[in-house]
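Me: Hi! I have a protein open on my screen and would like to go through it with you. Could you help me read it?

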Amino acid sequence: MTGNHRNSSITRRRALAVTGGTVAAGGLAVTGYQSAFADTTDTAEATATASATSTGACMTLMSSVTEGPYYLDGALVRKDITEGKSGVPLALRLTVVDATDGCTPVKGAAVEIWHCDAWGYYSGYTTANPGGSAPAESEDGSTANDNTYLRGYQIANANGVVKFETIFPGWYTPRTCHIHVKVHTGGEKEDGTYEGGTVNYTGQLFFDDTIAEEIFALEPYSRHSGSYTALDDDMVYDGGGASSGLLTLKAVHKADPSRGYKGSLSLAVDPDAENTGAGSGGGGTPPSGAPSGEPPSGAPSESASPSASASS
């Protein structure tokens, strides 16, 4: 949740989250998750954090940018955010550090991510046209915006580390491939969601063009055709590398990109700062049919919590 707003009502979405209610998930089965999502050890995490701190000077403060037009408040605290969506596995490991205090880990920070599916659709906004030519995400517009796939929170451990299991994002016009991210502090996990606190950082994570284009030649990504925006031509990415959100990517199997990737990045933030999500760099004009910042009719409200599982 953004700001200090709290809501104790039990909505349909929260009831599903609390009781473990599910909706059948469709789409092709995703393979290769076991190897892509193999956890690194706490020792490795501590070593990486110590290495960043031992230099005596912290990395550059992350560049905040717009949250974009597809944000929905109230995502679930969960590691696996796929909800049955097909795509190339992506094991995401993010480390939150305090840029104002020698890169010390920010224990308890809540990291929230959201991104589009392999064809460029966002849950909650599934009737928006991703541009180019892509299969319809849902033929039933009345229930399409109930979907909650590819959104979620994780709480940073003692080393400032969070891990997500997801898929490599697709793309939509006019943006390059990216993942949205927010860092929250001061809130708490409640009924499977994150409540209260302050947003300290709003940013986006980016992918090397060579890897992205290799992924987009595979199923199901290849069923979305059109003009993909290269990283250097993107309206949000400013060319700053890691401090601007460029992920470090490692293939699970170099000869077979369909097996998945491990992505990592340290997020150097100011845990005393407050970020509105307005950011910089615009976000581009949403594709035809997309909202201009507010969820469409039937999508979750700010006080709603997503279901534990939804159809893809």
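This is a predicted model: local features need pLDDT of at least 70, side-chain atom pairs count only at pLDDT 80 or more; totals for chains, interfaces and linings use all residues.

Me: Where do Tyr70 and Tyr122 lie?

Reply: Tyr70 is in the loop between α3 (42-54) and β1 (89-98), while Tyr122 is in the loop between β3 (110-114) and β4 (151-155). The pair therefore ties together parts that are 52 residues apart in sequence.

Me: Is Tyr70 buried or exposed? And what about Tyr122?

Reply: Tyr70 has a relative accessible area of 3%, so it is buried. Tyr122 counts as buried too, because its relative accessibility is 1%.

Me: New topic: α4. Which of its residues are buried?

Reply: Helix α4 covers residues 209-216, and the buried ones are Asp209, Ile211, Ala212, Ile215 and Phe216. They cover an arc of only 165° around the axis, so they are on the same side of α4.

Me: Why would residues three or four places apart point the same way?

Reply: An α-helix has 3.6 residues a turn, so residues with that spacing point the same way.

Me: What do the buried residues of α4 pack against?

Reply: They pack against two strands, β10 (248-251) and β11 (261-269). At the start of α4, there is also a side-chain oxygen of Asp208 that comes within 3.0 Å of the backbone nitrogen of Thr210.

Me: Back to Phe168. What is it in contact with, leaving aside neighbours within four places in sequence?

Reply: Phe168 is in contact with Val88, Leu90, Cys177, Phe207, Ile211, Ala212, Ile215, Phe216 and Tyr221. In the largest nonpolar core, which has 44 residues, Phe168 is among those that touch the most other members, along with Leu94, Val111, Ile113, Leu205, Phe216 and Leu267. Another core, of 14 residues, lies apart from that one and includes Tyr70, Leu72, Val77 and Cys116.

Me: Last one: which ring does Lys85 lie over?

Reply: Lys85 lies over the face of Tyr149, at 4.3 Å from the ring centre. Lys182 has its charged end over the ring of Tyr71, 4.9 Å from the centre.

Definitions and conventions:
Residues are numbered from 1 along each chain as its sequence is written. Side-chain values use heavy atoms; hydrogens and water are left out. Buried means under 20% relative accessible area, exposed over 50%, partly exposed in between (1.4 Å probe, protein chains only). Helices (H or I, at least four residues) and strands (E, at least two) are DSSP runs, numbered from the N terminus. The arc is that of the directions from the helix axis to the C-beta atoms. Contact means heavy atoms within 4.5 Å. A polar contact is a pair of N or O atoms within 3.5 Å; within protein, one must be able to donate a hydrogen and the other to accept it, and residues adjacent in sequence count only if both atoms are side-chain atoms. A charge sits over a ring if NZ of Lys or CZ of Arg is within 6 Å of the ring centre and within 35 degrees of the ring normal. A nonpolar core is a set of buried Ala, Val, Leu, Ile, Met, Phe, Trp, Tyr and Cys residues joined through side-chain atoms within 4.5 Å.
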